[in-house]
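Q: Could you walk me through this structure? I'd like to ask about things as I spot them.

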Amino acid sequence: MFSDESRFCWITGSKCREDRENAMLIKVVLITGCSSGIGLRIAVMLAEDEKQRYHVIATMRDLKRKDNLVKAAGDLYSKTLFVAELDVCSDESVKQCINSIKDRHIDILSNNAGIGLVGPVESIPMDEMNNVFETNFYGSVRLIKEVMPDMKNRRAGRIIVISSVMGLQGVAFNEVYAASKFALEGFCEGLAAQLLSFNVTLSMLEPGPVHTEFELKMIQGMKEKEWPSVDPDTVNYFRNFYLPGAVDIFEILGQTPDHIAKVTSNPHFHNLTNPLYSPILALKYADETGCLSVQAFYCMLFTLRPLMNVGMPVLKYLTFGFMRKWRISPN
Ligand SMILES: NC(=O)c1ccc[n+]([C@@H]2O[C@H](COP(=O)([O-])OP(=O)(O)OC[C@H]3O[C@@H](n4cnc5c(N)ncnc54)[C@H](OP(=O)(O)O)[C@@H]3O)[C@@H](O)[C@H]2O)c1
């Protein structure tokens, strides 16, 4: 499974005593969804560690898509970074990949693989919704189920889950995606407390918009798409209010995958990577009826859009240098 079997054996196998001792200090990291975006950057960042503390197993469901990762890893490919096949939606694929790792030993599991879904709910077929849950929610659960028992036995391990700010706050026309991330948040909140007694830490990252293929995959083709089963008002809101707004938000507030990767080096339990989203969440928790938050989103989406067009660049200018650096630093 690993692209360079001999070097993989060097890290975990039996060449000489000194190598074995070094191997004890090296943390084995398994990351899902490394063909692009955040997963790719986390994998390369760890592989580039100056002290070479990580043996990175960067997984993806389709090895034909490994070129960007291999290019980004450069000389580190087959030294500190190895590529393996893993489809988070398949029990068999997950088992096969984990079983191929020496002693199934994983110190750090990073659940990153995920897909988005936007559009009016009434237009989305149930199997597309299932696919989002199968990937975003059950995909992470499947990996955790497979890796967690060994971590518990060893009384050591770290699990990182890439959730989303939409796992904390629902957003119109992203209902199913948000629901899959809410499910993940609930699952992790329960598990984190249990795992502490086994010295296993669980953290979630809640990024806002990030410039990756994710945005393209989601929004591509939406403008031209027909919506025969949806009423004209909803189509109008989606096409003429939501979509242009979403593109602006990605452009103006979007972070880079590197920003997100850096947060994984020393995460808290919750990690809202973009501080510009803190006020929105504060609003949600400040009003227990929830009405304030729903009204605020309604205004942002439908009535205050022209104001936001002016406001967002100003917001970005005012906060970019100061707040972002202050909150995003891994330390
Ligand atoms: N970008 C954002 O704005 C944003 C914001 C908040 C949270 N997130 C979360 O961040 C994570 C990474 O997304 P990204 O922004 O880096 O997007 P991305 O560039 O599209 O990367 C997603 C990765 O997940 C992989 N993947 C999808 N289905 C899979 C499966 N069944 N098995 C294994 N891998 C699978 C994709 O592989 P293929 O190449 O084979 O499709 C790709 O490598 C996701 O969980 C996403 O929900 C993203």
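This is a predicted model: local features need pLDDT of at least 70, side-chain atom pairs count only at pLDDT 80 or more; totals for chains, interfaces and linings use all residues.

Q: How many residues does α7 have, and how far does it reach?
A: Helix α7 runs over residues 175–196, which makes 22 residues, and from its first C-alpha to its last it reaches 32 Å, close to the 32 Å expected at 1.5 Å a residue.

Q: New topic: which residues have the most contacts inside the largest nonpolar core?
A: That core has 54 residues, and those with the most contacts inside it are Val 29, Ala 43, Val 56, Ile 57 and Ala 58. The element that gives the most to this core is α3, with 7 residues. Apart from it lies another core, of 15 residues, including Val 132, Phe 173, Val 176 and Phe 238.

Q: What is Val 56 in contact with, leaving aside neighbours within four places in sequence?
A: With those set aside, Val 56 is in contact with Val 29, Ile 31, Ala 43, Leu 46, Ala 47, Thr 80, Leu 81 and Phe 82.

Q: Okay, the ligand now: which residues come nearest?
A: Of the 30 residues around the ligand, the nearest are Gly 33, Gly 37, Ala 113, Gly 114 and Phe 214. Two or more residues of this shell come from each of α3 (37–47), α6 and α8 (213–219), and α8 gives the most, with 4 residues.

Q: How do the shell residues divide into nonpolar, polar and charged?
A: There are 11 nonpolar, 12 polar and 7 charged residues in the shell around the ligand.

Technical notes
Residues are numbered from 1 along each chain as its sequence is written. The expected span of a helix is 1.5 Å times one less than its number of residues. A residue is near a molecule or strand if its C-beta atom, placed from the backbone, lies within 6 Å of it. Ala, Val, Leu, Ile, Met, Phe, Trp, Tyr, Cys and Pro count as nonpolar, Asp, Glu, Lys and Arg as charged, and the others, Gly among them, as polar. A nonpolar core is a set of buried Ala, Val, Leu, Ile, Met, Phe, Trp, Tyr and Cys residues joined through C-beta atoms within 7 Å. A residue is buried if 20 or more other C-beta atoms lie within 10 Å of its own, exposed if 12 or fewer, and partly exposed in between; C-beta atoms are placed from the backbone. Two residues are in contact if their C-beta atoms, placed from the backbone, lie within 7 Å.
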